[in-house]
Amino acid sequence: MKLNMKLLLGASAFVLMSLGSTASAQDCPRGDLDERFCDVDGDLVADIPTDPSELVDPDTLVFAYTPVEDPAVYAAAWSDFIDHLSEVTGKDVVFFPVQNNAAQIEAMRSGRLHVAGFNTGSNPLAVNCAGFRPFALMAATDGSFGYEMEIITYPGSGIEKVEDIKGGQLAFTSPTSNSGFKAPSAILMAEYDMVADRDFEPVFSGKHDNSILGVANKDYPAASIANSVLHRMTEREVVSEDQIVSIYKSQTFPTTGYGTAHNLTPELQEQIRDAFINFEWEGTSLEEEFSKSNEGQFLPMNYKEFWAVIRQIDEANGVSYACE
């Protein structure tokens with residue numbers, strides 16, 4: 001009887017704790033954020049926890065760059081910045097090569113990823129589902145930033161304009177990608193009355209470089225891609241300009257957003273932000289790689305303003321930010 005009573009009391013305590021936690025979580029504004037997060041200040045990103053027991057201050061920081069191209073290339077490209085981030089924070093920093101957007105989001109949601117660059121399209125899901133707090137993006141030295149979605153084909157494909165894709169195949173990258181899926185889906189529907197599966201066969205390559213190489217090698221007749229990736233690949237001579245023909249170019253979108261997990265200590269989040277904003281690019285591995293797409297600094301930004309157009313595209317596509 002005593003054992004059963006202890007179990008009952010323990011279970012009751014657990015239920016009360018759970019109810020208390022749930023009630024506490026529900027008693028705050030959050031908009032589209034997952035129920036684990038609050039947004040008292042209305043900036044559309046998760047607030048830093050006010051309960052010290054919910055904050056983390058890891059000895060080793062894990063950093064991941066959006067999985068758009070060969071992870072080995074970017075482990076080298078980010079090496080000088082990682083050394084800088086380690087020096088500023090006084091912590092070990094490791095580069096975590098992720099293979100897809102879903103794995104990157106899940107890594108932050110589960111607490112295994114602390115600092116990240118999430119691509120344009122996956123930023124809203126990372127913010128709402130994983131508690132990502134973006135604060136910067138890459139920009140040119142003159143302050144300009146962004147990239148365009150382009151629909152590309154190869155010479156002699158028989159595709160000279162967007163309408164020629166009808167009845168054929170179009171390669172996307174992944175469902176969470178802005179330029180690789182969400183933006184072209186909305187644009188094709190709104191401007192050309194073209195819908196996947198009805199007017200063309202959609203296929204998914206997984207990453208922008210896969211789509212670009214697929215078109216260059218004539219595996220895909222057409223693909224929607226981020227032209228910033230295309231520029232870097234042509235600069236590295238992975239593909240040549242005469243292998244690619246562009247038949248559509250969109251408005252300019254924000255690039256990869258950089259930020260932290262919401263539950264790092266405020267002091268650590270501020271140190272990480274300073275490491276990005278005050279990084280000296282000249283002569284670094286980061287400059288060597290990203291100057292190929294005309295980027296040379298980290299520009300402070302806020303998610304609410306800079307990602308407004310992306311949220312509008314998501315709304316047009318019926319995208320849900322619910323965690324699954």
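A disulfide is a pair of cysteine sulfur atoms within 2.5 Å. The structure holds 2 of them.

This is a predicted model, in which local features need pLDDT of at least 70 and side-chain atom pairs count only at pLDDT 80 or more, while totals for chains, interfaces and linings use all residues. Residues are numbered from 1 along each chain as its sequence is written, and side-chain values use heavy atoms, with hydrogens and water left out.

**Stop 1: a disulfide.** Select Cys 28 and Cys 38. A disulfide joins these two, with 2.0 Å from S to S. The angle about the S-S bond is -85°, and the link of Cys 28 and Cys 38 is left-handed. Both cysteines sit in the loop between α1 (2-26) and β1 (60-65), 10 residues apart. Helices (H or I, at least four residues) and strands (E, at least two) are DSSP runs, numbered from the N terminus.

**Stop 2: two domains.** Colour 60-144 plus 254-317 as domain 1, then 147-252 as domain 2. These bounds come from an automatic or database domain assignment. The domain centres, taken over C-alpha atoms, are 25 Å apart.

**Stop 3: the interface.** Show the residues where the domains touch. Domain 1 has 28 residues in contact (heavy atoms within 4.5 Å) with 21 residues of domain 2. The two domains bury about 1,800 Å² between them, 53% of it on carbon and sulfur atoms. Buried area is the accessible area (1.4 Å probe) that two parts lose on being put together, summed over both.

**Stop 4: charges across the interface.** How many salt bridges does the rule find across the interface of domain 1 and domain 2? The number is 2. A salt bridge here is a side-chain nitrogen of Lys or Arg within 4 Å of a carboxyl oxygen of Asp or Glu. Now select Asp 314 and Lys 182. Their side chains meet in a salt bridge, 2.8 Å from N to O.

**Stop 5: the domain 1 side.** Select α2 (71-77), α10 (285-290) and α12 (308-316). Each gives two or more residues to the side of domain 1 that touches domain 2. The largest share, 5 residues, comes from α12.

**Stop 6: two loops.** Most residues other than glycine have a negative phi. Select Asp 193, in the loop between α6 (178-192) and β7 (201-204). Its phi is positive, near 50°. Next, go to Asn 294, in the loop between α10 and β11 (297-300). Asn 294 is not a glycine, yet has a positive phi of about 65°.
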